[in-house]
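Please walk me through this model in the viewer, stop by stop. Tell me what to select and what I will find there.

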Amino acid sequence: MSFPNIFYLLAFLASFVVALIALPLWRKWCVKSGLVDDPGHRKIHAQPVPLAGGLAVMTALTVPILLSLLVFWAHQMKIISFFDSDTTERLRYGLQKRSLELAAIYFGAFGMLLVGLLDDKHELKAAVKFTGQFLIAALVAAS
């Protein structure tokens with residue numbers, strides 16, 4: 001498989017595995033901490049449902065990023081030899097060229113997670129929730 005495609009496949013697989021592992025852990029934490037959607041007159045579920053989806057997705061985004069940065073750093077420090085010189089140069093160039101955009105996307109995802117958690121915990125008014133989401137999306141788009 002060629003240069004960027006192998007990294008896309010690895011990123012997908014790593015995120016998938018982390019999500020599979022993280023979701024049951026976050027569900028258990030949500031139940032213990034009371035972060036659940038209780039049944040009600042407008043709900044279709046009869047049991048409390050843990051609100052763990054956003055936490056699992058953010059974990060599946062964060063863990064592979066941290067692992068890949070650790071591997072790249074170890075390669076740069078010559079602790080391991082994982083990439084050939086051409087791949088190393090391409091990765092370094094891409095990370096330097098797009099670091100602002102990548103950071104904005106990551107922190108935008110984190111911001112959306114916070115808005116979602118606040119909404120789950122305190123049931124934000126629609127205008128407040130939309131304003132928060134709009135501002136985060138505008139900042140990501142502006143970057």
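Where is Lys-78 found? Select Lys-78: the residue sits in the loop between helix 2 and helix 3. Keep in mind that this is a predicted model.

**Stop 1**

Lys-78 is exposed, because its relative accessible area is 72% and the cut-off for exposed is over 50%.

Now go to Glu-123. This residue lies in the loop between helix 3 and helix 4. Glu-123 is not a glycine, yet phi is positive here too, at about 50 degrees. Is Glu-123 buried or exposed? Glu-123 is exposed, with a relative accessible area of 69%.

**Stop 1: helix 3 against helix 4**

Select residues 85–122 for helix 3 and residues 126–142 for helix 4. Two packed helices are described by the angle between their axes and the distance between the axes. Here the axes come within 9 Å and cross at roughly 175 degrees. Helix 3 is therefore roughly antiparallel to helix 4, since angles over 145 degrees count as roughly antiparallel.

Which residues of helix 3 meet helix 4? On the helix 3 side, show Ala-104, Ile-105, Gly-108, Gly-111, Met-112, Val-115 and Asp-119. On the helix 4 side, show Lys-129, Gly-132, Gln-133, Ile-136, Ala-137 and Val-140. Colour the contact by class. You get seven nonpolar, four polar and two charged residues.

**Stop 3**

How many salt bridges does the structure hold? The structure holds five.

Select Asp-86 and Arg-90. They form a salt bridge, with the closest N and O atoms 3.5 Å apart. Both belong to helix 3; they are four residues apart, so about one helical turn separates them. Asp-86 is partly exposed at 44% relative accessibility. Arg-90 is partly exposed as well, with a relative accessible area of 42%.

Next, pick Glu-89 and Arg-92. Their side chains meet in a salt bridge, 3.2 Å from N to O. These two residues of helix 3 are three residues apart, about one turn of the helix. Glu-89 counts as partly exposed at 44% relative accessibility. For Arg-92 the value is 27%, and this residue also counts as partly exposed.

Move along to Arg-98 and Glu-101. What joins Arg-98 to Glu-101? The link is a salt bridge, its closest N and O atoms being 3.6 Å apart. Arg-98 and Glu-101 are three residues apart in helix 3, so the separation is about one helical turn. Arg-98 is partly exposed, with a relative accessible area of 45%. Glu-101 is partly exposed, with a value of 25%.

**Stop 2: aromatic rings**

Show the aromatic side chains. The structure holds seven aromatic pairs. A pair of aromatic rings is described by the distance of the centres and the angle of the planes.

Zoom in on Phe-3 and Phe-7. The ring centres of Phe-3 and Phe-7 are 5.6 Å apart and the planes lie at 65 degrees, so this pair is edge-to-face; the cut-off for that label is over 60 degrees. Phe-3 and Phe-7 are four residues apart in helix 1 (residues 3–33), so about one helical turn separates them. Phe-3 is partly exposed, with a relative accessible area of 22%. Phe-7 is partly exposed at 25% relative accessibility.

**Stop 3: a buried leucine**

Finish at Leu-55. This residue lies in helix 2, residues 53–76. Why does Leu-55 count as buried? Its relative accessible area is 8%, and buried means under 20%.

Now select its neighbours. Setting aside residues up to four places away in sequence, Leu-55 touches Trp-26, Trp-29, Cys-30, Leu-113 and Leu-117. Then draw a distance from Leu-55 to Arg-27. The two residues are 28 residues apart along the chain, and their C-alpha atoms are separated by 9.2 Å.

Key
Residues numbered from 1 in each chain as written. Predicted model: local features only at pLDDT ≥ 70, side-chain atom pairs only at ≥ 80, totals over all residues. Heavy atoms only, no water. Axes fitted to C-alpha atoms, helices over the stretch in contact; angles between N-to-C directions. Parallel < 35°, antiparallel > 145°, perpendicular 65-115°, else oblique. Contact = heavy atoms within 4.5 Å. Nonpolar A, V, L, I, M, F, W, Y, C, P; charged D, E, K, R; others polar. Phe/Tyr/Trp six-rings, centres within 6.5 Å; stacked < 30°, edge-to-face > 60°. Buried < 20%, exposed > 50% of the residue type's maximum accessible area, 1.4 Å probe, protein only. Salt bridge = Lys/Arg side-chain N within 4 Å of Asp/Glu carboxyl O.
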